[in-house]
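Work through these exercises with the model open beside you. Try each task before you read its solution.

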Amino acid sequence: MDYLTPKQIVEELDKYIVGQNNAKRAVAIALRNRWRRQQLSEELRDEVVPKNIIMIGPTGVGKTEIARRLAKLAQAPFLKIEASKFTEVGYVGRDVESMIRDLTELAVKMVRDEEQEKVKEKSVHLAEEKLLDLLLPPVRRKAETAGSISSFDQKAYEDDFTATREKMREQFKAGKLDNRYVELETPERSFPSIIEVISNTGGFEEIDLNIRDMVGGLFPKKMKKRKVKVPEALQLLMQEESQKLIDMDQVNRLAKEKVEQAGIIFLDEIDKVAGRETGQGPDVSREGVQRDLLPIIEGTTVATKYGLIKTDHILFIAAGAFHVSKPSDLIPELQGRFPIRVGLDSLTKGDFVRILKEPKNALTKQYIALLETEKIKLEFRDDSVEEIAEIATIVNEKNENIGARRLHTIMEKLLDDISFDAPSLQGREFVIDSEYVKKKLSDVVADDDLSRYIL
């Protein structure tokens, strides 16, 4: 982060997200503030808390994508979770502290992958040696009586064995042994225990913290012999060797630090828990969820199986459409913990045209690449992109406004025939122009009922 200025962060986000400059500026400043905080003295560093953000805007305008791309840019642990998934303590549902445990698990995986990458070269070498041992087991000749094999014979045997091993190494690297099978011992996969089933469905999360590890440690892992091809054997041996080379205690320590100092949690659908208590109906626990979220966002300590995690400096980005409720409907304490509010604009026809053409992951580019795998050349003319954008705008106005997600529906319907028949159309070229778009979609757009069901 020392070389990414807020302006550069916005430029990076522009590669994937069209418009929404206010939201991009807000998250860019929040990210840069993290780096600024790290430069402060230790005493002052603890006093600086992140300025959490609420993004307000209709669905499909880029709220989630901004947060996801930001986390990727910062190489920070990132968790997207719906606020509506949680329920007040005492009701059936997920406990809010579970999101910190989930974030910690993600951070541990992230750091473990980084550490494995560092020892990759060494683990490849060790795995290769083990694999050659399996392909050509070293045979030890035992003398019937001491001294019956001369040192000359023994040396000739060793030289011959080494030469054969090196020849086999060359064949292995050239891919000539890829169809050979070797026998490996791998851990046997067992059915999940009742504890795992309960914990994975969202209950007894506090009990689950260490019980799986404790129960797992009581019984040694069962090993079974498998015959696998050489490339798969190399991958399995590499994983085994890299796990031996990395220090998991250090991985856990670094992961904890990463969560506490750089973690980002994206709380989607925050508007679904906004609103004051009514005391009846299905939304009875909404205010309770807000009260449960408050200590996590304010800063508390959560017990995880990797140790205690302090949430004081985790950045929270909340988002919601706020069609029915308003940010002011949140309890005052929670409003105070989200000092930055940014509104995201509804998408226009011009935005849809840019979304279809400009981003690195633009939909037109995705479909061109997908059909290229079937040796089909697809070309989108500018007038076809304009027509698709026009149809998306009309359908969003007539039905629910689901933003850019409407483009996915329209593109699937538009290319339905080509995608279905693609294997038998290899070598063909298709030019998508406005006439083709009208021919495929005009009937559906004209019929309101059909449009409501299909687009």
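Predicted model: local features only at pLDDT ≥ 70, side-chain atom pairs only at ≥ 80, totals over all residues.

Residues are numbered from 1 along each chain as its sequence is written, and side-chain values use heavy atoms, leaving out hydrogens and water.

**Exercise 1.** Find how many helices and strands the protein chain has.

*Solution.* Helices (H or I, at least four residues) and strands (E, at least two) are DSSP runs, numbered from the N terminus. The protein chain has 20 helices and 11 strands.

**Exercise 2.** Describe how β6 and β7 pair.

*Solution.* Two strands pair if DSSP finds at least two bridges between them. Locate β6 at residues 301-304 and β7 at residues 307-310. They pair in the antiparallel sense over 4 bridges. A hairpin of 2 residues joins β6 to β7. T301 stands opposite K310.

**Exercise 3.** Decide whether G60 and D268 are buried or exposed.

*Solution.* Buried means under 20% relative accessible area, exposed over 50%, partly exposed in between (1.4 Å probe, protein chains only). Start with G60, in the loop between β1 and α4. G60 counts as buried because its relative accessibility is 13%. Next, D268 lies in strand β5. D268 is buried because its relative accessible area is 10%. Now check contacts (heavy atoms within 4.5 Å). Not counting residues up to four places away in sequence, G60 touches L347, I402, G403, A404 and R405. With the same exclusion of residues up to four places away, D268 touches T64, K80, I81, E82, A83 and A319.
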